[in-house]
Amino acid sequence: MSNSTKPHPSEALFGGEKPFPLIPACEHFAGSEKLILKALSLQESIGQVFDITCDCEDGAASGQERDHAEMIVRVLNSEANKYQMAGARIHDYTHPAWKQDIDILVGGAGKVLSYITIPKCTDISQAKEMIAYLQKMATFHGIERVIPVHILIETHGALNQVHEIAKLPWLQVLDFGLMDFVSAHHGAIPASAMRSPGQFDHRLLARAKTEVVSAALANGVVPAHNVTLDLKNVETTYSDASRARNEFGFMRMWSIYPTQIQAIVDAMKPNFDEVADAANILLTAQAADWGPIQYAGELHDRATYRYFWEVLQKAKLTNVAISEEANVAFFN
């Protein structure tokens, strides 16, 4: 029997359990129509390695909330949204426009909207109400798919309840919001901690980031790291993304400037040698009907296969080269 007719790892290794979300490692924020269109064009030129978050919260001028949401719907339904890799951040629970945002976005672009991001919850009850309203509007508009939800953890209340928030329905991502979180400490955390190295070394911030990642991963949700304020220094962005990934376990990061995108992807992508090992191990395992194998003098079984299958999928998402044999066997 050829490898192509043997069980695929997604079938052989996960046995019906909820799969971990496999989404791009970079999320780029864009607030205006011009910047959203520029970001959509970038997806075509550098590859489908990042999502775009169309921003209602900070993007819409006061009084222009309806027009802004309708603009996002128009752009998402246009030919410019070729890969349908764009979501939207709505207004927070205290803002009168949050329901209107959902009405317009779900009613007009619910079939192509990649996700909805909810900011500034101070209590889980707010998140529950907003998700319930999103689900209600999806049903009302005949949208049968789940619209993934991303929730920003950027207040004391949200951090205190982060492990419960991580269990909410439709949740795909927990985002850490650094600037609002620092501001909520009334000067106890200095402004310098909005940048590196303080954002990683200050004990209150290290604790908060660790809690967000822990809650996310324990509940099959992707933890996403905050922005880098330095817009022009690619090395700073790369360093921040690398520390977020390797020291704290974040698996996604925000970008707020086009040159940050590739730096984040490069820092978050798996090591090339590990990708090569993953491909070889999985091909050997598939040929052995997913029983235990030896590879390079080491024992591997279903536990390590699961790890290496996720490595291989992340490699695919970040444009790391994969052998042709593995491509044909697993991604054809």
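**Note on the predicted model**

1. The charged end of arginine 252 sits over the ring of tyrosine 115, at 5.7 Å from the centre of that ring. The term applies where NZ of Lys or CZ of Arg is within 6 Å of the ring centre and within 35 degrees of the ring normal. Lysine 99 has its charged end over the ring of tyrosine 133, 5.2 Å from the centre.

2. The model is predicted, so local features need pLDDT of at least 70 and side-chain atom pairs count only at pLDDT 80 or more, whereas totals for chains, interfaces and linings use all residues. Residues are numbered from 1 along each chain as its sequence is written, and side-chain values use heavy atoms, with hydrogens and water left out.

3. Tyrosine 133 also belongs to a cluster in which ring pairs link it with Tyr93 and Trp98. The structure holds nine aromatic pairs. Rings of Phe, Tyr and Trp (its six-membered ring) pair if their centres lie within 6.5 Å; planes under 30 degrees apart count as stacked, over 60 as edge-to-face and the rest as tilted.

4. As to the overall fold, the chain has 15 helices and 10 strands, which are DSSP runs numbered from the N terminus (helices H or I, at least four residues; strands E, at least two). Its radius of gyration is 20 Å, close to the 20 Å given by the globule rule for 332 residues, so the chain is as compact as a globular protein of that length. The radius is taken over C-alpha atoms, and the rule is 2.2 Å times the number of residues to the power 0.38. The C-alpha trace spans about 65 × 45 × 35 Å along its principal axes.

5. Of the 332 residues, 52% count as buried; buried means under 20% relative accessible area, exposed over 50%, and partly exposed in between (1.4 Å probe, protein chains only). Among contacts with a separation of 6 or more, 74% come from residues 24 or more positions apart, a contact being heavy atoms within 4.5 Å.

6. Cysteine 54 is buried at 1% relative accessibility, and cysteine 121 is buried at 0%.

7. The peptide bond from serine 196 to proline 197 is cis, with omega near 5 degrees; proline 197 lies in the loop between helix H8 (178-183) and helix H9 (198-201).

8. Glutamine 84, which is not a glycine, has a positive phi near 50 degrees. This residue is in the loop between helix H3 (65-76) and strand S3 (86-89), and is partly exposed at 43% relative accessible area. Lysine 120 likewise has a positive phi, of about 55 degrees. Lysine 120 is located in the loop between strand S4 (116-118) and helix H5 (124-140) and is partly exposed at 26%.
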